[in-house]
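Please read it beside the sequence and the coordinates.

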Amino acid sequence: SDAEAVLLLKPDLAIVASYSKPEFVAQLEKASLPVVRLTRFGGLHSIYENIERLGSLVGEPTRASAMMEKMRAEIEKIRATIPTPPSSAGGRRLRVLSLDVTGNVAGRGSIFDSIIELAGAVNVAAEQGVEGFGTVSAEQVLVWNPDVIVVGGDPGEEPLFKTLKNRRILV
C-alpha cells in the first residue's frame, strides 16, 4: 500500500490485485510504471491463468508453460502419496475448515478449496455452501464439526499444536 516504497525499488513492472487501493495504483501509474492488474484468484486454475498471462506480458511464454507443467507434475506426485480413507471409516473423507481469528472461512472457488480437493479431503465451508470467502460464528463452526481446523500463523514462527476437546488444532 506504500507506492513510494515500491517506486524506490525501481521495478520494471508492478503487479497489483483487483482489490488494490485505487490511490496506490494511480500513484504507480503517475510515475509511468507499467501496471498489470490481476483479477482472477479462484483456485489453482487461476494461478495457471495468471502465470500464463504474466509469461506472455514479459515475453517468456515458454518458461511460463514449463513452470505450469512442473507445478502439475509436483501436484500429481503429491496426490499419489495421499492415502484413501480406510474402509473402517466407511470411505468418509477428512473434513477440513480454514478459519481465521475473525471467523473468515475459505469456501468454494478459493485456492484453499483447490488444495483440499487435491488432497482428497472435503472443504467444510464449500460443503456448507460458502462461495469464495465468508464469515461464520464460533457456534456455526461447532455445528459444522470439522475434523481439522486450519488457522494461520506468522511466517517463521514455530507451529503450535493445541488440543480442544480431543482435537488437534494447528495454530
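1. The buried residues of helix α5 are covered by elements that include α3 (44-57), β3 (95-98), β4 (104-106), β5 (122-123), α6 (124-127) and β7 (148-150). Contact here means heavy atoms within 4.5 Å; helices (H or I, at least four residues) and strands (E, at least two) are DSSP runs, numbered from the N terminus.

2. The model is predicted, so that local features need pLDDT of at least 70 and side-chain atom pairs count only at pLDDT 80 or more, while totals for chains, interfaces and linings use all residues. Residues are numbered from 1 along each chain as its sequence is written, and side-chain values use heavy atoms, with hydrogens and water left out.

3. Within α5, which spans residues 111-118, the buried positions are Phe112, Asp113, Ser114 and Ile116. Buried means under 20% relative accessible area, exposed over 50%, and partly exposed in between (1.4 Å probe, protein chains only). Glycine 120, with a positive phi near 85°, follows the helix.

4. Alanine 119 belongs to the loop between α5 and β5. Alanine 119 is partly exposed, at 32% relative accessible area.

5. The largest nonpolar core has ten residues: Leu97, Leu99, Val105, Val124, Ala125, Val130, Val136, Val141, Trp144 and Ile149. Such a core is a set of buried Ala, Val, Leu, Ile, Met, Phe, Trp, Tyr and Cys residues joined through side-chain atoms within 4.5 Å. Two or more residues of this core come from each of α6 and α7 (138-144). Another core, of seven residues, lies apart from it and includes Ala3, Ala14, Val16 and Phe24.

6. Not counting residues up to four places away in sequence, valine 105 touches Leu97, Ser98, Leu99, Ala125, Val130, Gly132, Phe133, Gly134 and Val136.

7. Strands β1 (residues 14-17) and β2 are paired in the parallel sense over four bridges; pairing requires at least two DSSP bridges. Valine 16 is opposite arginine 37 of β2.

8. Which residues does serine 20 contact, leaving aside its neighbours within four places in sequence? They are Val25 and Arg37. Serine 20 sits in the loop between β1 and α2 and is buried, with a relative accessible area of 17%.
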